[in-house]
Amino acid sequence: GGFMDDYNRRLDRSLAALDVSQRFVFQYNLELPFGGGKRYLSNAGKAGWFVSGWELTGIYTAQSGTPLLLTTASNVTNSYGGGSRPNNNGASAKITGDAHGKLNKWFETSAFSQPAPFTFGNTGKTLPDVRTHGVNNLEAGIFKNNYFGHDRRFNLQFRSEFLNMFNRVKFGAPGTSFGTPQFGVVSAQGNDPRFIQFALKFLY
């Protein structure tokens, strides 16, 4: 987004706006050992078609949010730079606790004030300890393979996929413009609710 002060670019030394300091991803794909040729129920008779060919798949993601970038509603610098940021009083603006209890005050707004005229404000480009809401999401799928034809060449696969399986909300970023009523307030959801889809796939 450019530099706040073109003549003092060190003011913009900070964490990157897209920094994700913690990220964990676990992916799995499991073929269930039931039915013909498998360890269990290989001689299930007529029920063999129903118990065989099942697969479970999914991906779980947990990660921290990204740093916040604060600005001021009114630019008091009277310069050709990139605008101004609020002043910080030296205290951390971080508020701990469950995200649901912080929606009206995601961070300590009283830690900031309007900079004096012809100044840029002393808050860094990104806050080092206040971030957007993180990710805690599981997406899963259940597949049923139905092989047929010569040498089991064909497969009519039934797929059921669950996106955001546990319907966990990821809140959007709070208001970051000092001097507006939305400063520090989360007013939107940042992800989609649970979505379930079914499909029939023919492989040959």
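Colleague: What classes of residue make up the lining of the largest pocket?

Modeller: The lining has six nonpolar, seven polar and five charged residues. Nonpolar here means Ala, Val, Leu, Ile, Met, Phe, Trp, Tyr, Cys or Pro, charged means Asp, Glu, Lys or Arg, and the others, Gly among them, are polar. Please keep in mind that this is a predicted model, where local features need pLDDT of at least 70 and side-chain atom pairs count only at pLDDT 80 or more, while totals for chains, interfaces and linings use all residues. Residues are numbered from 1 along each chain as its sequence is written, and side-chain values use heavy atoms, without hydrogens and water.

Colleague: What makes a space a pocket rather than a cavity?

Modeller: On a 1 Å grid over the protein atoms alone, a cavity is a set of points where a 1.4 Å probe fits but cannot get out, whereas a pocket is an open set with protein on both sides within 12 Å along at least five of seven lines; a lining residue has an atom within 4 Å of a point. In this model, 18 residues line the largest pocket, and Asn136, Arg168, Val169, Lys170 and Asn191 lie nearest its centre. The space in the largest pocket is about 310 Å³.

Colleague: Which strand gives the most to the lining of the largest pocket?

Modeller: Strand 6, residues 135-144, does, with four residues. Strands are DSSP runs of E, at least two residues long, numbered from the N terminus.

Colleague: Why is Leu156 called partly exposed?

Modeller: Its relative accessibility is 35%. Buried means under 20% and exposed over 50%, with partly exposed in between (1.4 Å probe, protein chains only), so Leu156 falls in the middle class. Leu156 lies in strand 8.

Colleague: Which residues make the nonpolar surface patch?

Modeller: Phe148, Leu156, Phe158, Ile196, Phe198, Leu200, Phe202 and Tyr204 form this patch of about 880 Å². To join a patch, a residue needs over 30% relative accessible area and no salt bridge, and nonpolar side chains (Val, Leu, Ile, Met, Phe, Trp, Tyr) are linked within 5 Å. Strand 8 (154-163) and strand 10 (195-203) each supply at least two of the patch residues, and the largest share, four residues, comes from strand 10.

Colleague: What makes the contact between Arg131 and Asp19 a salt bridge?

Modeller: Their N to O distance is 2.6 Å. A salt bridge needs a side-chain nitrogen of Lys or Arg within 4 Å of a carboxyl oxygen of Asp or Glu, so this pair qualifies. Arg131 sits in the loop between strand 5 (112-113) and strand 6, and Asp19 in the segment before strand 1 (23-31), so the pair ties together parts that are 112 residues apart in sequence. Arg131 is buried at 18%, while Asp19 is partly exposed at 22%.

Colleague: How many salt bridges does the structure hold?

Modeller: Four. Among them is the pair of Arg159 and Glu161, at 3.1 Å from N to O. Arg159 is buried, at 18% relative accessible area, and Glu161 is also buried, at 18%.

Technical notes:
Patch = residues over 30% accessible without salt bridge, like charges linked within 9 Å, V, L, I, M, F, W, Y side chains within 5 Å. Areas by Shrake-Rupley, 256 points an atom, 1.4 Å probe, with all protein chains shown as cover. Points joined across faces, edges and corners; volume = space filled by probe spheres on them.
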